[in-house]
Amino acid sequence: MSIRAVVWDVDDTLFDYTTADREGMRGHLVAEGLLEGYGTAERALDRWREVTDLQWARFSAGEITFEGQRRDRVRVFLDRPELTDAEADDWFRSYLTHYEAAWALFPDVLPALDALAASHRHAVLSNSSIHVQDHKLRVLGVHDRFETILCAAELGVSKPEAAAFLAACDALELAPHQVAYVGDHPEIDGRGAADAGLLSVWIDRYGGTATVEVPPGRHRIATLAELPAILGADTRFGAPSTFG
């Protein structure tokens, strides 16, 4: 049976999270007068991403709340475990001001959504929270492109668990084999979707993992221009795979 719907990851799939996060933190550290304390800007930004990944893993494993991972990101990054929740929240909100100023979609997103608008239904499944992603998609101007937006914080289960992907299929009232999932992480998105029975499409935007072997039945693309061909969409938009 043909693919009838596409479920999308958000960060680093539709939304250029990596650039926004790094530019936002750079601006925030400059404003706070903290940048020099890390030696170089790159060292500070790499440390922030390292801390973010660690705390996000704790949230994904159910060890901490969404708000808790934000607060602990601040405490660990600043090496100030004594910060109260209110103090950590204030620091993070200041960072968000700079972060949101750098928000942008990847250039291939709107052409892909336009090309697939008539042929496929669309939804979002994210390991974030609905408060964050609903706001983000509205600011980016694509919220109305999606029938439903599901997030781990509210679902109580996160990718790569099959239950997260199946919840998206249930919301669309489609069987897993009728749904494609597009995400940027080869394991959390790629393997998770495939194991749940969805058509798995991993978008490897930065090419840094070109040596990762993609098992049969899964797809790796470098740009969303390749997606319509994989879905069999009747559209002139598309490009041959750059990965062969």
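How much space lies in the second largest pocket? About 170 Å³. Before the details, some ground rules. This is a predicted model, where local features need pLDDT of at least 70 and side-chain atom pairs count only at pLDDT 80 or more, while totals for chains, interfaces and linings use all residues. Residues are numbered from 1 along each chain as its sequence is written, and side-chain values use heavy atoms, leaving out hydrogens and water.

A pocket here is an open set of points on a 1 Å grid over the protein atoms alone, where a 1.4 Å probe fits, with protein on both sides within 12 Å along at least five of seven lines; lining residues have an atom within 4 Å of a point. A volume is the space filled by probe spheres set on the points, which are joined across faces, edges and corners.

The residues lining the second largest pocket include Phe66, Arg70, Asp89 and His131. Two or more lining residues come from each of α3, α4 and α6; helices are DSSP runs of H or I with at least four residues, strands runs of E with at least two, numbered from the N terminus.

Now the largest pocket, with a volume of about 1,000 Å³. It has 43 lining residues, and those closest to its centre are Asp11, Asp12, Tyr17, Arg49 and Trp56. Helix α2 gives the largest share, six residues.

Last, the strands. Strand β1 (5-8) runs parallel to β2, joined by four bridges; strands pair if DSSP finds at least two.
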